[in-house]
Structure formats: C-alpha cells, structure tokens
Amino acid sequence: MRTDHTSQTPPTRRAVLGAGIAAAGSGLLAACSPSGSRDRGSPGATAADTVDGFVTPHGREAGEPRPSPSRPLRKHTFRAIQSPVELGAGRTFGSWTYEGRLPGREVRITAGDTLALTFANDLPVATTVHWHGIALRNDMDGVPGVTQPPVEPGGTFDYRFTVPHPGTYWFHPHMGVQLDRGMYSPLIVDDPREPLEYDHEWVVVLDDWVDGVDGSTPDDVLRQLRKGKPVMGHGTGPEGPVDAGGGALADDGKGPGRAPSSWTYRGKGPKRLMSGATSKLLGGHAGDVDYPYYLINGRTADDPTQFTARPGDRIRLRIINAGGESAFRVALGGHRMTVTHSDGFPVQPHRTDALVIGMAERYDVLVTAKSGVFPLVALAEGKRGRAMAVLRTGAGAVPGPSAHPVELDREVLVSARRLRPDESVAMPRRRYDRLIRIKLTGGMEEYDWGIDHRPYDPDRLLKVERGERVRLVVINATHMWHPVHLHGHTYCLAGTDSHGARKDTSILLPHHKMVADFDADNPGLWMLHCHNIYHSESGMMTTLAYRG
C-alpha cells in the first residue's frame, strides 16, 4: 500500500499538467491536441501519450476506447447564447443560456451509445461543457486548460464519447462561475435493461438564481465574497476578455487560470451576501449568497410548473441540484418517497419523507401518486427561500408559494452514507493500494477556501497509477459543509464493515471526514473540488493525475 502523507506531489516542471497551460493552445495541451483544431474536438487525432511520466488528456491511455462505429451514434447540437429568461409571474432577466431555454434542452441517450454533440459558443467570453458524473474519456471532460482549450467566442467544439453507465446526469460550464448563470441541461442515460417499473418520469432541476436581477451577475457575487481578491480557479473575467484570451485569463506569472493582480470587477449589482444562514442538517453555516429567487425547472414558487398524472400512477422523479451555492430539502406533499438511485447508480430502496440534496448531486425517487393537487417543495436549506412545482392528479387549486408540506419536517435523508448500493453496482471488496489524504481548509470571513491551506495550484497533483484501488480521505477542517466532487470516476462511501453507495458528489459536513474508495481505471487528469462554485473558484480544488 502506498500512502501519500502530504497528498500533493509536485511534478518536475509546469508543463507536466494540462492545467498548467497559461494560454489556451500552448504548452502541453497544444502538444497533445490535434494539429489545427483549437476549437474543435477530434477524438481520432494522434497525441503524445505521456509527458514527464504523466498520462495526457489526448493520449491513447486516457480513458475508455475511442467510440466504435458499431455503437449507435446520437447527434446533437447546442449553442450557448445571451438571452432573456422568464422565471414566472412576468419576471424576465438577461442571462446566458443554452439556446434560450431554462433549464436547457434535455439530452437522452441509452447506456453504451456514443454521444456526438457539436457545441457552438455565441457568448462574448470563452466557455466549455463539463459532463457531470460521466466516466468519459479525459479529453472530453470540458475543463479549460486541463483537458481542452476553452471554446472561444464564435468557436465550436465537437464532444464525442461513449456513455457507459445509465442514470441521471447533467452538463454545465466549467469556466469561472458561469455555472451560476443559466447554462445547464439534464443528461438522462436510459438503462436498456431497466429493472424499475413506473408510468412516468418527471425530471426536476433545482436552482438558485441571481443572474440579471437588479444588475447582479455571479461574477459580481464572487467579487463581493472575495473582497476584490483575485480568483484562484479556472476563472474568467466577468465582463469578457481579460488581457489576451477572449475570456480566458492570461498568465501573469502567478499561474495560469488566475486573474492578474490588477484585475478588478466593474459590476453594478447590489449586495448579495447574507449572514445567519444556519442549518442543523448541514452542521451549522449553510451558505453566504442571498439569492433573490429559487427555481424548479426554471420557475419561481408563485408561478410553478405542473406535472399531470393519474391517481395510482407510479412516477420516477429524477432530481438534479444545478444550484451554485444552495442545498435543498425536498419533499412532495402527501407522499413518502422511495430513493432508488444516487448520482446515477442504483441503491437498495430507501423510504423517506424528504431528502437533502447538495449542489450537483442527483437522486432518483419513486412515488405512487394520490388523488389531488400536491406541492413539490425544495427549501433552500438554512436560507430564506423555497422553490415549488405541482403534481396534479385531479381538480383543485394550486398551492400557495409558501406551502410547507409536513413531510419536510419528518424523516429526512441528509447523507448517502445511509444508503447501500444495489448488488449490481456494488464495488468488490479489496484492500486499497494507495491512501490519499487531503484537508479542506479556509473560512467564510476571508473567503480563502483551499486544500491543505493552499489555494488551487495546477502544479500540485494527487498521483495514482492505473489498476490501483485508491482510498481517498477528505477531512473537512472548516466550519462549513462542502459538496465534494471527483471527475471521471465514481467512488463508494467506505465504512468500517461495508461499502456504501456509488457517488461522484457527496455532502461533507464541517469537522467530519469522507472516506471514499475508487478504482483508478480511467487515466488522465481529473479535477477534485468543492461544487460550491464560489468555493472552487476561490481555490478549493486540486487535480488527480495518472502516472503513465
């Protein structure tokens, strides 16, 4: 067994890691990318397999085999645009969306098929698409400067990869705080041998909304939280190109992907910071951003969407938290729910009245519809606000926006640690080969979030080798909860006597630790970060790197 006591291993030089590229298309990524295809993906291109002993995103070792011509090919086109969004009750704000829709159009595919999506960027800044939770090949992961150059304004990129596992997933930008605008879509992967029996599917996307309200933008919120200090993640300038790069930050000698010291934001939004947001379920401090609206499927609680069914119908809800900084406590009035999946993978059925879902988590639940009109309520946990949608199976008035089902205060599933995997996806038990320990650090006052008391540095790597069983221990040494996300893999929540549910994103309470086991079976460069977008952009992320 290998133990990484310091958890982070510096490479011999900056060019080892794709995240260490100062300008898009230069350095390692340029060496590993297909010639002349800066803005278009090209999975069939020849690329260097390793640099300084680390697997590169475009090398032959990086990820699953190239998509096979024998697999069904599902073609889509998506476009990122500036557009108005109507949130309900006549409220319309300017934002960035996928083709003017909120949420973006659902993409549905069958496990084993190949997704071929041509993405066009009509925004004034660079962007990418990250496929959250998918164990895809590394060069399609959508992390700027790590797995691909950012897609510049007017550019395109061809995302093409095999989707291996069924489940509920989603996609969103991985650039700056763009996630907290309106660019997100469900990605539903059907199981060709679906074991569940139900009559309907209801895809439920939760969000916290600030973009465009009284001139606010997520970049303005980040500036307020950071008190003007430079961003430390994969940030972009909030008002378009910063120095050279069309939205991608230039290297000022302090490391790529960070703002130069002279960077300032000229936003005009009002103060969006809150105090006193607390939750016993989340272990104390719940969040720092005072969002004016909370949404289910793009609508506010006073003008909700409605889902129509018949009494007795079995309904599968696929719940996705696409929010930037808010956990939600979710319940359907008059009903108990049975949890069947977490982060796409099946679990042994678990009955509950309500559940807490952190940013980027997904839960699938089954309900048997009663007769009437019922509120599906998502409380912004620990904050002042809620979202609501309506299940209608009969006549009756729409519940008011302050509806509070009693189920919200009964049995609540907070952590997937209480879930057990379905036998079909349970990880085989074996001794781990490598132990990695990291500590989440920082605080709300200075907003200096990091790992092991350091902000994100693309030169600091968590190294693994293909074929290893890796035990990842994440210690939350802060006074706030964090949703911890690992790209390109799923892990099981490890216990003393059993292996838990398969996850890619998990709520980690303050002063607790997460013990997660995963198999190092997808070579490349993969991000590990807090999915509170303002924490990650302040520095709470690092990179998992495979030795070649």
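Me: Before we dig in, what counts as a polar contact here?
Reply: A polar contact is a pair of N or O atoms within 3.5 Å; inside protein, one has to be able to donate a hydrogen and the other to accept it. Keep in mind that this is a predicted model.

Me: Thanks! Which side chain does His-535 join through a polar contact?
Reply: That would be Trp-449, with a polar contact of 3.4 Å between the two side chains.

Me: And is His-535 buried or exposed?
Reply: His-535 counts as buried, because its relative accessibility is 0%. It sits in helix α3, residues 533-536.

Me: What else does His-535 touch, beyond its neighbours within four places in sequence?
Reply: Besides Trp-449, its contacts include Tyr-447, Met-480, Trp-481, His-482, Cys-530 and Met-540.

Me: Switching topic: how many residues are in the largest nonpolar core?
Reply: That core has 138 residues, and Trp-131 and Tyr-534 have the most contacts inside it. Strand β23, residues 373-380, gives the most to this core, with seven residues.

Me: Where does another core lie, and which residues are in it?
Reply: Another core lies apart from the largest one and has nine residues, among them Tyr-456, Leu-461, Leu-525 and Ala-545.

Me: Back to Tyr-534. Which helix holds Val-221, the residue it touches?
Reply: Val-221 is in helix α2, residues 218-226. Along with Tyr-534, Val-221 contacts Val-210, Arg-272 and Val-289, leaving aside neighbours within four places in sequence.

Me: How far apart are Val-221 and Arg-272?
Reply: They are 51 residues apart in sequence, while their C-alpha atoms are 6.3 Å apart in space.

Notes: Residues numbered from 1 in each chain as written. Predicted model: local features only at pLDDT ≥ 70, side-chain atom pairs only at ≥ 80, totals over all residues. Heavy atoms only, no water. Core = buried A, V, L, I, M, F, W, Y, C linked by side-chain atoms within 4.5 Å. Buried < 20%, exposed > 50% of the residue type's maximum accessible area, 1.4 Å probe, protein only. Helix = DSSP H or I, 4+ residues; strand = E, 2+ residues; numbered from the N terminus. Contact = heavy atoms within 4.5 Å.
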